[in-house]
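Me: Hi! I'm new to this one and would like a walk through it. Could you show it to me?

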Amino acid sequence: MKNIMNRVYSELLNGHSVSLAVLIEVVGSSPNKAGATIAIFESGETIGTIGGGAIEFFSIAEAFKNKNVQLLKDVSLTDSDERSVGMTCGGSAKILIRRFVSSDAELFHNLSDIERDKWLVFDLSSERAYIADSGAASPILLNETFILPVLKPEGAFVFGGGHIAIELVPILKQLNFFVSVFDDRTDFSTVDRFPSADSVAFVDFSDVKIDSITERDFVFVLTHGHIFDTAVLSQVLKSEARYIGCVGSTKKTAAMKTALSALGFSDANLNRIHSPIGLKIAAKSPAEIAISIAAEVILNRRTQNA
């Protein structure tokens with residue numbers, strides 16, 4: 001969501017209008033959930049999605065058609081209702097389409113702050129939009145108010161800048177992570193090697209700083225040797241990381257867990273480690289392994305956020 005707000009800010013700063021289309025209520029089966037957002041630019045370009053198909057086509061068509069700042073539309077996602085937009089999901093949805101102009105740039109400058117959670121509040125009765133500094137993690141429609149969380153992105157901490165990391169980092173960016181890459185080799189910890197990463201740093205794997213790893217963050221241990229993997233794991237297991245994955249064979253994983261157990265880590269803590277990392281799709285190449293890791297991350301996100 002931060003990436004959408006940042007792009008909107010840039011467009012507004014350049015004097016362009018932008019429309020946001022947001023699903024503010026969903027009943028039954030639908031192509032996306034409440035809070036799904038798409039930004040529609042004057043050029044016709046978009047970022048984000050509310051589910052694709054006819055519901056998105058309708059929102060794009062309406063984005064700049066109406067002279068009103070705000071449009072609320074109830075749509076049916078069946079093919080047997082006069083409110084239908086031509087989809088057959090079976091449910092219904094309420095769409096908010098809200099146009100913003102250059103004078104709203106400061107609003108989106110605050111929303112795009114990568115370090116802070118923000119909430120975009122829509123007063124549906126007055127067409128007012130403003131920011132709240134606290135709120136729930138999920139979107140809320142309450143009477144005539146809709147509150148959209150604009151949370152800072154989850155962090156992806158990638159330890160090891162080898163072949164798998166080269167393939168994985170761009171995928172993690174596509175999944176809207178704030179990606180930090182660390183390696184103890186100068187040639188493997190450069191911005192040129194990881195141009196899409198948000199942060200690249202040279203570190204000593206025996207002294208990893210874990211203070212910034214929170215319960216929302218994902219850790220990927222992909223170093224150039226099991227000794228370094230174990231060293232990193234012995235530190236990140238002391239963090240509240242939501243996901244910890246480590247590359248390696250079943251045999252290597254067993255040996256690593258034995259070493260960590262000798263350091264005093266409980267079975268419950270060791271069971272937090274996803275190793276061998278990634279879903280079992282018979283991946284062999286670095287690109288395939290990166291895809292299997294991304295699939296496991298998506299599964300973790302979707303099942304824990306359900």
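Here is a short chat about the overall chain, its ring pairs and its charged side chains.

Me: Before we start, what kind of model is this, and which pLDDT cut-offs apply?

Reply: This is a predicted model, where local features need pLDDT of at least 70 and side-chain atom pairs count only at pLDDT 80 or more, while totals for chains, interfaces and linings use all residues. Residues are numbered from 1 along each chain as its sequence is written, and side-chain values use heavy atoms, with hydrogens and water left out.

Me: Thanks! How many helices and strands are in the chain?

Reply: The chain has eight helices and 15 strands. These are DSSP runs numbered from the N terminus: helices are H or I with at least four residues, strands are E with at least two. The C-alpha trace spans about 65 × 40 × 35 Å along its principal axes.

Me: And what share of the residues is buried?

Reply: Of the 306 residues in the chain, 44% are buried. Buried means under 20% relative accessible area, exposed means over 50%, and partly exposed is in between (1.4 Å probe, protein chains only).

Me: On to the rings. How many aromatic pairs are there?

Reply: A search of the whole structure finds eight aromatic pairs. Rings of Phe, Tyr and Trp (its six-membered ring) pair if their centres lie within 6.5 Å; planes under 30 degrees apart are stacked, over 60 edge-to-face, and the rest tilted.

Me: Why is the pair of F159 and F182 called stacked?

Reply: Their ring centres are 5.0 Å apart and their planes are at 20 degrees, so the pair counts as stacked. F159 belongs to strand β10 (residues 155-159) and F182 to strand β11 (residues 178-183), so the pair ties together parts 23 residues apart in sequence.

Me: Are those two buried or exposed?

Reply: Both F159 and F182 are buried. Elsewhere, ring pairs link F177, F218, F220 and Y243 into a cluster.

Me: Switching to charges, how many salt bridges does the structure hold?

Reply: It holds 12 salt bridges. A salt bridge is a side-chain nitrogen of Lys or Arg within 4 Å of a carboxyl oxygen of Asp or Glu. One of them joins E11 and R7, at 3.2 Å from N to O.

Me: Where do E11 and R7 sit relative to each other?

Reply: They are four residues apart in helix α1, so about one helical turn separates them. E11 is buried at 15% relative accessibility, whereas R7 is partly exposed at 23%. Salt bridges that share partners also join R7, E11 and E45 into one network.

Me: Which distant parts of the chain does the D198 and K173 pair link?

Reply: The side chains of D198 and K173 meet in a salt bridge of 2.8 Å, N to O. D198 is in the loop between β11 and β12 (199-202) and K173 is in helix α4 (residues 163-174), 25 residues apart. D198 is partly exposed at 35% relative accessibility, and K173 is partly exposed at 25%.

Me: What about K2, and which side chain of opposite charge is nearest?

Reply: K2 is in helix α1 (residues 2-13). K2 is buried yet has no salt bridge, and the nearest side chain of opposite charge, D113, is 5.8 Å away. Lys and Arg count as positive, Asp and Glu as negative; His and the chain ends are not counted.
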